[in-house]
Amino acid sequence: MSDFATLKNDAVTFFDALAQNNTRDWWQENKATYDTKLKAPALALLEKLAKPLGKLADAPIKSKLFRPQRDVRFSKDKTPYNTHLHMMWQIESDAPQNPVFFFGIGREYVTSGVGMMGFDKPMLTNWRKMVDLDTKRIMGIVEGVTDQGFALREPDLKRVPPPFDQDHPTGHLLRMKGLTASREITGNGNLPDQIMDTFKAAWPINALLISIAEA
């Protein structure tokens, strides 16, 4: 049986219990379960997919497992631990800003996707310029991915930024300050294969973002 066969169920079970008692004492009592059933297979998954993702992106890949501890400095919610398991694979090409592949398990979702969570200032300028100048091609790429069941992140701005017209045909893209495309992973298939299928299907988004960053 795959090392990842029970990761989804184990994570949901663990986070459901954590949500009922999100305290440092509970965490210390159950940390061994987290380390064995969640952290170890998550790190193995990061390592397993790094090489095929490097081939897909034709670039080095740096993987990351996000910490379970929450940053509560500026949050009203002071519970100390996240009730999700998030990881990502960062493309390390020569572009000024690079997109990522990401995967996450929460209490009510199992999701994978691609993109840039937030554009740096030069990337934001390039993004808006290219969306305006190359509307048809960019919409073709985006729709080619969304037609496969991917959802884009919601636009960050309520209005299309100047100097673009409010009725611009890609106004929803111009209102974004980052671009991600993600979809749910369902069923009981081989988890690494399911994740890679998602990444391959959504790869045109990352390829587009790299090209725009390099423009």
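Modeller: Residues are numbered from 1 along each chain as its sequence is written. In this predicted model, local features need pLDDT of at least 70, side-chain atom pairs count only at pLDDT 80 or more, totals for chains, interfaces and linings use all residues, and side-chain values use heavy atoms, with hydrogens and water left out.

Biologist: Which pattern does the chain follow, read along the sequence?
Modeller: Helices (H or I, at least four residues) and strands (E, at least two) are DSSP runs, numbered from the N terminus. The chain has 6 helices and 6 strands. Read in sequence order, the pattern is α-α-β-β-β-β-α-α-β-α-β-α.

Biologist: What radius of gyration does the chain have?
Modeller: The radius of gyration is taken over C-alpha atoms, and the globule rule is 2.2 Å times the number of residues to the power 0.38. The C-alpha trace spans about 55 × 40 × 30 Å along its principal axes. Because the chain has 215 residues, a compact globule would have a radius near 17 Å, and the value for the chain agrees with this: 19 Å.

Biologist: What percentage of the residues of the chain count as buried?
Modeller: Buried means under 20% relative accessible area, exposed over 50%, and partly exposed in between (1.4 Å probe, protein chains only). Of the 215 residues, the share that counts as buried is 44%.

Biologist: How do α3 and α6 lie, roughly parallel or roughly perpendicular to each other?
Modeller: Axes are lines fitted to C-alpha atoms, for helices over the stretch in contact, and angles run from 0 to 180 degrees between N-to-C directions. Helix α3 (residues 121–133) and helix α6 (residues 191–214) pack at about 105 degrees, with their axes 8 Å apart. Angles under 35 degrees count as roughly parallel, over 145 as roughly antiparallel, 65 to 115 as roughly perpendicular and the rest as oblique. Therefore α3 and α6 are roughly perpendicular.

Biologist: Which residues of α3 and α6 make the contact?
Modeller: Contact means heavy atoms within 4.5 Å. By class, this contact of α3 with α6 has 7 nonpolar, 1 polar and no charged residues; Ala, Val, Leu, Ile, Met, Phe, Trp, Tyr, Cys and Pro count as nonpolar, Asp, Glu, Lys and Arg as charged, and the others, Gly among them, as polar. The residues are M123, N126, W127 and M130 of α3, with L208, L209, I212 and A213 of α6.

Biologist: Which residues in α4 does α3 meet?
Modeller: The axes of α3 and helix α4 (residues 135–146) come within 5 Å and cross at roughly 105 degrees. The residues of this contact of α3 with α4 divide into 4 nonpolar, 1 polar and 2 charged. On the α3 side stand M130, V131, D132 and L133, and they meet T135, R137 and I138 in α4.

Biologist: Is D58 buried or exposed?
Modeller: D58 lies in the loop between α2 (24–57) and β1 (61–65). Most residues other than glycine have a negative phi, whereas phi of D58 is positive, near 55 degrees. Because its relative accessibility is 71%, D58 counts as exposed.

Biologist: What is omega for the cis peptide bond that joins P162 and P163?
Modeller: P163 is placed in the loop between β5 (151–152) and α5 (171–174). Most peptide bonds are trans. The bond joining P162 and P163 is cis, and its omega is about 10 degrees.
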